[in-house]
Amino acid sequence: MVKFSKQFEAQLVPEWKDAFVDYRQLKKDLKKLQLLKLKRVEANHNQEPEDGGKRSCCSSTFHRMPFLLKQYAMRLCGRSSNEHEAIQVHRKLATSASKGDVYETELMEQFCDVEGAKGFFSMLDMQLNKVNQFYMDKEKEFLERGETLEKQMAILTELKDTLRQQRSKQGLASKEEDPSISSASFSLSGFTEEEESLAEDPNMIDLEKNASSLSGWPQSAEELEKSNRFIKKEEKKLSLSRSFSAKTINCQGRNLRVEVPLTTPSRTLSALTYLLREDLMNQSKKCGPDGNKLNINKATLHQAEKMIRGALIELYKGLGYLKTYRTLNMMAFVKILKKFDKVAEQQIQPIYIKVVESSYFNSSDKALKLADEVEEIFVKHFMDNDHRKAMKYLKPHQRKESHAVTFFIGLFTGCFIALFAGYAVMAHIAGLYTRQANSVYMETVYPVFCMFSLLFLHLFLYGCNIVTWKKARINYCFIFEFKPTKELKYRDVFLICTTCMTAVVGVMVAHLYVVAKGHSSTQVHAIPGLLLLVFLLLLVCPFNIVYRSSRFCFLRVMRNIVLTPLYKVVMVDFFMADQLCSQVPMLRSLEYVACYYITGSYRTQDYNVCTRSKHYRDLAYAVSFLPYYWRAMQCARRWFDEGQSNHLVNLGKYVSAMIAAGAKIAYERDRSVGWLSLLVITSSAATVYQLYWDFVKDWGLLQFNSRNPWLRNELMLRHKFIYYFSMVVNLVFRLAWLQTVLHSNFGSVDYRVTGFFLASLEVIRRGQWNFYRLENEHLNNAGKFRAVKTVPLPFQEVDED
């Protein structure tokens, strides 16, 4: 049977961990109380009794008689009137200095002889007050969200009704000709129609769709002047916070700004075009006799509807977390008081639990009512009264773990080990990986094996990261904004790695066997290329097989990275871009293999065709630069969106890495003293820059005033030596570039094998960095108690000025 403490820690909301009852500390206080009691009993036993040291068993029973009689009386009479003499819990009403009621326990005379009880109840009162205060704050926050969403729904419903009426009255020229639509009049200052062709963004998890324009302009000079002032005010806001493109409408005397997140290239370009157009164009020239005509497009309302729907889902999720918070804390109070009664041999639980049950966090039903209202609104307005379909969005079910997955992981792991051992033996017998090796095989086939090995090593480490994140209670799904029903579990990741590497090594063994038999036809040399082609086709396969949702998510992320400045950067985007920065050798191998097979060099086995080409050499520079360039552009975009100079400092780190990568490629081609000096200078500067960012910024380490020496105050791992060990490993692996200068080799091993080993060290370093990066992100979220994401809402009320 699992202990309650483990169940409690497994079910609590990770981001709210500090706000829950500190059950572990209360158990420690009970342990101290029990030790004090045992010491007191031992002291009593060590004292010589007056009858010469003789004490019968009836004597000990007599001493326990008051407690036994009290228990018997409690069973007969229920609650005794004397139990109020043990403790009294005072409730202090809220004052200006305190937001909520404060509870304080007073011990009566008959209970004062229990050592450690005062400290225990002091801690218990503090936990109850903390829980009440947090629940009150979160409830207030969710109620405000609910009130805002109610207003958003009212505006959306009004606009939809207006659109419906307008469609039925398309033959009318103005609202004066039809009094039935006089209840909703609108005017607009914002984007033109050609600026409103907005593309769909999958990153928002189906929250956004294509949006079109609302057009129309104020007619009077006074309205025009107000409109110009408003646009200037909006441009000032955009210069400070540029994460939204906006258009403003007037609805029944209220100015409403329709905000569209800049999450797609078309939206970003539209926002930039808008800013430039407003600087160059005079609005008065655009005003015409039809300036106040209402043009509401269905796509615009559909966009707003998607955003509101996403906000309702997140609100419902937050209310569910609040319900879990309420239930678990109530259970914690019941369990700890039950343990206290057992240790102290008292009947305190009924008294204190009555206070807990009447406290705010357990008695308030506002959040429960709001959850019912949100569910009702969602079912009615978004799911056509289909409750079962609505629950798939509001309460998505987790995928069940399959034992078959575990079985196949073991099966393919064994197959991979056996095949890899056979491949190693065959390669050793053929002398492939020595300096006098068959250069054709090492130049044509080995890059394929190296590429797949680095890729799936990285994926395997990601699976290990998922295991450590789950053990450390890091909510990586929330941080990456993964759908809980489609995100990869660690078993799925391990199954992909073992299956793919078994296939790769199996093909390599078969190819090496055929080559060893003396077959050298074109078809034989095409086998590694066909293997790569199969994996690429499987990656883009449109059929719902082999984790299609995860494959398409990967492709979307890669698209966002390639078009980085135009897409809004989210956590999963720059996390993946960082992984690419550690996979430059893999990308170089992919570049070479693609050139080798696309040019048809495999037919003649002339592997120098690509290396002799100037275009290939220029492309090598680009491949080495691109991961750092993409990451630098992400930093620039985040600075553009958030306005924080910290992102510019991070951008400098990747610029220094780009310079060092360029110097390395130049030195590999021209091993002169000048290029060697430049390589050492640039690589040293980039390494120092990267180490500082790793330790101080990403990991939050090297905090001299912290309660943990050289570490930050909050740590997810209990053993501190792991952090120190990780710093040393990161430092050593960051210095792997020195091999380029020293030209060190392992005996007679080919230099390409040495390069693969060093590339593997960088992948391993990135794997351990991933844990600390997400730990830092989790602690930032937990410090602000952010358990649900804030979805932007389409309608924002603004001032007239």
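Is Glu314 buried or exposed? At 8% relative accessibility, Glu314 counts as buried, where buried means under 20% relative accessible area, exposed means over 50%, and partly exposed lies in between, with a 1.4 Å probe and protein chains only. Before I go on, please keep in mind that this is a predicted model, in which local features need pLDDT of at least 70 and side-chain atom pairs count only at pLDDT 80 or more, while totals for chains, interfaces and linings use all residues. Residues are numbered from 1 along each chain as its sequence is written, and side-chain values use heavy atoms, with hydrogens and water left out.

Let me stay with Glu314, whose side chain meets that of Lys317 in a salt bridge at 3.5 Å, N to O; by salt bridge I mean a side-chain nitrogen of Lys or Arg within 4 Å of a carboxyl oxygen of Asp or Glu. Both residues lie in helix α8, residues 298-344, 3 residues apart, about one turn of the helix, and here helices are DSSP runs (H or I, at least four residues), numbered from the N terminus.

In helix α5, residues 117-168, Arg145 and Glu141 are 4 residues apart, about one turn of the helix, and their side chains meet in a salt bridge at 3.4 Å, N to O; Glu141 is partly exposed, at 28% relative accessibility. In helix α30, residues 751-783, Glu777 and Arg773 are likewise 4 residues apart, and their side chains meet at 3.3 Å, N to O. In this pair Glu777 counts as buried at 19% relative accessibility, and Arg773 counts as buried at 10%. There is also a network of salt bridges, which links Asp694, Arg734, Glu762 and Arg765.

A negative patch is formed by Glu144, Glu147, Glu150, Asp372, Glu373 and Glu376. The elements that give two or more residues to this negative patch are α5 and α11, the latter spanning 366-382. Glu373 lies in helix α11 and is partly exposed, with a relative accessible area of 44%.

The positive patch consists of Lys3, Lys6, Lys27, Lys335, Lys338, Lys339 and Lys342, and α8, the helix we began with, gives the most to it, with 4 residues. Lys6, for its part, sits in helix α1, residues 4-11, and is exposed, with a relative accessible area of 57%.

Finally, Leu530, Leu533, Leu537 and Val540 form a nonpolar surface patch with about 370 Å² of accessible area together, the areas coming from the Shrake-Rupley method with a 1.4 Å probe, where for residues only the protein chains shown count as cover. Leu530 belongs to helix α19, residues 527-539, and is partly exposed, with a relative accessible area of 47%.

Notes. Patches are made of residues with over 30% relative accessible area and no salt bridge: like charges are joined within 9 Å, nonpolar side chains (Val, Leu, Ile, Met, Phe, Trp, Tyr) within 5 Å. Lys and Arg count as positive and Asp and Glu as negative; His and the chain ends are not counted. The place of a charge is taken as NZ of Lys, CZ of Arg, CG of Asp or CD of Glu.
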